[in-house]
Amino acid sequence: MLAVWVVASATLAVLAAVLPDFRIEAPDGDSPTQIAITAAIGAGAFGVLSALVWPLLVRALLLVPALVLGALVFFLNGSLLLVALRFTPDGRGEVTPATAVVIAAVMSAASSATSTALAVRDDAAYGRRLARLGGRRRRHAGDPPLPTTAGTVFLQLDGVGHDVLRGALTSSPPAMPTVAGWLGSTHRLTGWRTDWSSQTGASQLAILHGTNHDVPAFRWFEKETGQVMVCNRPSSAAELERRAVARTGSRGLLADDGASRGNLFTGGAQQSALVMSVAARRTRFSRSRSGYFAYFSDPANAVRTAWSFAAEVAREVIESSASRLRGDLPRIKRGGLYPLLRAFATVVERDVAVAAVVGDMLAGRTAVYADLVAYDEVAHHSGPHSKDARKVLTRLDRSVRLIADASRYAPRPYRIVLLSDHGQSHGETFEGRYGMSLRELVRAGCGLPAHARRTGQRRPAGGAESRTAARSALRRPERGRRSAEEAACEGPPSDPIVLASGNLGLVSFPDIAGRATREEIDARAPRLIDVLTRHPGIGFVLVRSATRGPLALGRDGAEHELATGRITGSDPLAPFGEGAAHALRRADGFPHTADLMVNSACRPSTGAVFAFEEQAGSHGGLGGPQSHPFLLHPAELPLPETALTGAESLHAVFRGWLAPPVPSQAAPADCPGTEQEQEQESLPRATAPPVST
């Protein structure tokens, strides 16, 4: 504390010497000793005010939008400095309000750097800093004792495929050195297969709530309401969570003393922050922005995050310019607001989520599930195997290391599980490769004019996750500027509605009640299905026949009759793996599956697909690494011997891991058991072997 005070005092004195509109001495000058005393008084008063008043200010301002709070941090910090300088003797401290903001930011950064440097080799000091970072108070007398069983932290590295993680851990040097040190020693790596809808909404809903029934894609049209459901919209996420709870009868994976951080859904947790399904709520503990209080209660965090935010924006501008100069393909537009959205996802969301997880561990919560979206956001625009995305993995590794280090100071042991919700598949966009969008192709197949886009109509853009999260943090209304989904629904009722979720397209005829059959579609647009299946960028089309049930249709009359398994011609599902037929049969049973489900082609040799959105790396359908995420778990946690297929299977495994251990009943003293039983008890317990990678 004394060292930080000295550094802060010296910083104040140096700034007074170099800034023209800031002084801490009398008009006729002071001795060096008097200047030092004045600087010490000013720095001390600023430190005391920051420690006592700052948390109250942040709590009072918690109702303002989160990003606005981040900006107010600097102005409030400057106000505290103006008050602190009034404690200097004889009014020696004079400064303009604008300069006070700069001085306060520099002093906070200097104090934070000093305390961090001094705590590097001091475990106790480091633990206290982590406690402040989490914004937790000490437990009070009379509180119930914390359990001694291990808690579990689930860290979802959004969009990191099994192949990407394995490459990051086995390269030389590894892109993720902390996680690489776990592999083969304390943790085991295995892969799992997603459902057809390989995207966060479907996977995370199943992992946290046990079911993703009737989630056919990231966005889809529901005819009975005339609305488009989008998984990361607050209203849609809340409705999906409600449906999942009603279907399973269970509140979720985190219902027992759990916390949900940065996710689309709560998982039943009472403690949630930055969670999309509760973004519109205003309860004390479930407000989606409540995690910002724990983070911004330390003003040094605001300064550090602001610098990192600015650095990330500059990094994106430099990297996108270099990509254009190199002529990288596919080339995705990365201008406009995207540098700010990228910085929000890779810096602000990451820092706040990590701080919340640290606080949860220091509070001793039983289970914590957090989503770190940085890699997914960058890979959408730069590509899943790009240098940009690899650098993000390295920064995510540092976040994992911070959380692992914090577990040493938690009141109970913690097991850290890393997983992803899906991977990403690279490839050109469908429109970039063939010169027309899926919507234009569908309209041509229906005999409708492929007219130019109307003013205001926009393509589905990449970065949907971070864009919606930023709007929620700014407390912008959900229905403000017209979205691409709303634009797609415009037009006469007889016109088809075409939506995109990565390389999965959905075509609905809103004036046909219920799900349209092949026969009804052929009567409406006789050429449509043939136009789609003959296109080289289309892998297959799922449609339901009134007489033969669900059909997967491919080129040259190829068919896969899903109800019977009968195949005509070459199997259109062959390039997508042996689990493709099962995934299609399951999705066909959803009430809101579109009339036509269009999956892009996939090149099995490279795993490349053609995204129907503006994305260099995409996910949402079948094809390539997008369907193959990873699970990295402590070796002592067992896995089933069968392969993990579908996100619902992960929910079942995680529930088993979180279930309290069943106490063993000791045999009576006069009945020690059989000789074989005694031998087994003397051996170390074995865990189920992990699925081979």
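Predicted model: local features only at pLDDT ≥ 70, side-chain atom pairs only at ≥ 80, totals over all residues.
Where does Glu 312 sit? Its place is in helix H12, which covers residues 299-326. Is Glu 312 buried or exposed? Buried means under 20% relative accessible area, and Glu 312 has 2% relative accessibility, so Glu 312 counts as buried. Setting aside neighbours within four places in sequence, the residues in contact with Glu 312 are Arg 342, Ala 343, Thr 346, Val 347 and Arg 395.

## The open sheet

Next comes a sheet. Seven strands make up this open sheet, with antiparallel pairing, in the order S12-S13-S18-S14-S15-S16-S17. Strands S12 (497-501) and S17 (567-568) stand at the edges; each has a single partner strand, so one side of each is left without a neighbour in the sheet.

Within the sheet, strand S13 (residues 504-508) and strand S18 (residues 596-600) run antiparallel and are joined by four bridges. Here Gly 505 stands opposite Val 598 of S18. Helix H17 (residues 438-445) packs on the sheet and touches S12, S13, S14 (538-545) and S18, with its direction at about 150° to that of S12. Helix H22 (residues 580-588) packs on the sheet as well, touching S14, S15 (549-553) and S16 (559-561); the direction of H22 makes about 40° with that of S14.

## Helix H7 and its cover

Helix H7 spans residues 162-170, and its buried residues are His 162, Val 164, Leu 165, Ala 168 and Leu 169. Why do they lie on the same side of H7? They cover an arc of only 165° around the axis, which puts them there.

Among the elements covering these buried residues are helices H8 (177-182), H14 (374-382) and H15 (387-406), together with strands S4 (187-191) and S22 (630-634).

## Helix H23

Helix H23 (residues 647-658) has 12 residues. From first C-alpha to last, H23 reaches 17 Å, close to the 16 Å expected at 1.5 Å a residue.

Buried in H23 are Ala 647, Ser 649, Leu 650, His 651, Val 653, Phe 654 and Trp 657. Their cover includes strand S3 (151-157), helix H9 (200-209), strand S10 (414-419) and strand S22.

Terms used. Residues numbered from 1 in each chain as written. Heavy atoms only, no water. Buried < 20%, exposed > 50% of the residue type's maximum accessible area, 1.4 Å probe, protein only. Helix = DSSP H or I, 4+ residues; strand = E, 2+ residues; numbered from the N terminus. Arc of directions from axis to C-beta. Contact = heavy atoms within 4.5 Å. Pairing = 2+ DSSP bridges. Axes fitted to C-alpha atoms, helices over the stretch in contact; angles between N-to-C directions. Expected span 1.5 Å × (residues − 1).
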